[in-house]
Amino acid sequence: MKGGNIPLFEVAVIEHPVKKEADKGTQPKLVSGPKPVIAKDDRAAGLAFVMTNGFMKKLDPSRVEVLVRPF
């Protein structure tokens, strides 16, 4: 954004346990973050973080939650 402020966000990634693990008491695991990301909005921040981090390829997308908040 020329001449304007570009928002800063914090992005974190959490991996949730499968039902069998959750039944045994396994808690969600912080995979990454919170890390600062500059983007035009929260959706762009989450997408930018996911697309630029190779570790995401190793995770099951159905178990992953990407959390984004303004800094």
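Two residues are in contact here when heavy atoms lie within 4.5 Å. Keep in mind that this is a predicted model.

Let's start with Glu 10, which sits in strand 1. Setting aside neighbours within four places in sequence, Glu 10 is in contact with Pro 34, Lys 35, Leu 67, Val 68, Arg 69 and Phe 71. With Arg 69 there's also a side-chain to side-chain polar contact of 2.6 Å.

Strand 1 covers residues 8–15, and Leu 8 is part of that strand too. How do the two residues compare with the cut-offs? Buried means under 20% relative accessible area and exposed means over 50%, with partly exposed in between. Here's how they come out:

| Residue | Relative accessible area | Class |
|---|---|---|
| Leu 8 | 32% | partly exposed |
| Glu 10 | 15% | buried |

Leu 8 also belongs to a nonpolar surface patch, together with Ile 6, Ile 38 and Phe 71. Taken together, the patch has about 430 Å² of accessible area.

Now for helix 2, residues 42–52, where Ala 45, Gly 46 and Phe 49 are buried. Viewed down the helix axis, the buried residues fall within an arc of 95°, so they line one face of helix 2. What covers them? Strand 1 is part of the cover, as are strand 2 (29–38) and strand 3 (64–70).

How values were computed:
Residues numbered from 1 in each chain as written. Predicted model: local features only at pLDDT ≥ 70, side-chain atom pairs only at ≥ 80, totals over all residues. Heavy atoms only, no water. Patch = residues over 30% accessible without salt bridge, like charges linked within 9 Å, V, L, I, M, F, W, Y side chains within 5 Å. Areas by Shrake-Rupley, 256 points an atom, 1.4 Å probe, with all protein chains shown as cover. Salt bridge = Lys/Arg side-chain N within 4 Å of Asp/Glu carboxyl O. Helix = DSSP H or I, 4+ residues; strand = E, 2+ residues; numbered from the N terminus. Buried < 20%, exposed > 50% of the residue type's maximum accessible area, 1.4 Å probe, protein only. Polar contact = N/O pair within 3.5 Å; in protein donor to acceptor, adjacent residues only side chain to side chain. Arc of directions from axis to C-beta.
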